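Have your viewer open and your selection tool ready. We will take this one stop at a time.

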Amino acid sequence: MSNIEAFVSTYQSLFPGTPTPPMPSKPEDLGLSVQMAIRENNPRLWQAMFGGHGAPLPADVAMRVAKGEIAPEDVAPLRAANYDEWAVQANQIREEIFERARQNTREREKAQYEAVRARFQEFQQKGLLERLAASPLSGEAIAQAREQWGITGR
């Protein structure tokens, strides 16, 4: 499918009942709402029509793109250069990294919770004397209680 066909079908699906504008040669030929809708709904078309017709890519980003190693931090420069399809890929990589980090955090927190829960259950199973022995009072707490209750130790 050519860019013209893709533009017409995308525009008509996004803005049914409105006349299709002339084929744009630069992003500014389209209204802001049209630009945003096409970029959001068909980043491949946007990139095919306008890729490279924006801000120049920083050299490190251009090198990663040439190698096919798009990084999560490349989203903003890629969008600025109208390489929206690649920006979507970079954003997906970023989301995958965040999801793995969230999953690792959930697993770590669950393991910590289970350990605390097991210790609590074990503590609950003990008798009164075992619980008291398992929770010894500090010297400070003992001194404070003696003072409060007037115990001199004589």
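This is a predicted model: local features need pLDDT of at least 70, side-chain atom pairs count only at pLDDT 80 or more; totals for chains, interfaces and linings use all residues.

Residues are numbered from 1 along each chain as its sequence is written, and side-chain values use heavy atoms, leaving out hydrogens and water.

**The main core.** Select Ala6, Phe7, Tyr11, Leu30, Val34, Ile38, Leu45, Trp46, Met49 and Phe50: these 10 residues make up the largest nonpolar core. Such a core is a set of buried (under 20% relative accessible area, 1.4 Å probe, protein chains only) Ala, Val, Leu, Ile, Met, Phe, Trp, Tyr and Cys residues joined through side-chain atoms within 4.5 Å. Helix H3 gives the most, with 4 residues; helices here are DSSP runs of H or I, at least four residues, numbered from the N terminus.

**The aromatic cluster.** Now pick Phe7, Tyr11 and Phe15, which form one aromatic cluster. Rings of Phe, Tyr and Trp (its six-membered ring) pair if their centres lie within 6.5 Å; planes under 30 degrees apart are stacked, over 60 edge-to-face, the rest tilted. The centres of the Tyr11 and Phe15 rings are 5.0 Å apart and their planes lie at 40°, so this pair is tilted. Tyr11 is buried, with a relative accessible area of 9%.

**Helix H6.** Finally, select residues 84-125, the 42 residues of H6. Among them, Asp84, Glu85, Ala87 and Ala90 are buried.

Methods: Helices (H or I, at least four residues) and strands (E, at least two) are DSSP runs, numbered from the N terminus. The expected span of a helix is 1.5 Å times one less than its number of residues. Buried means under 20% relative accessible area, exposed over 50%, partly exposed in between (1.4 Å probe, protein chains only).
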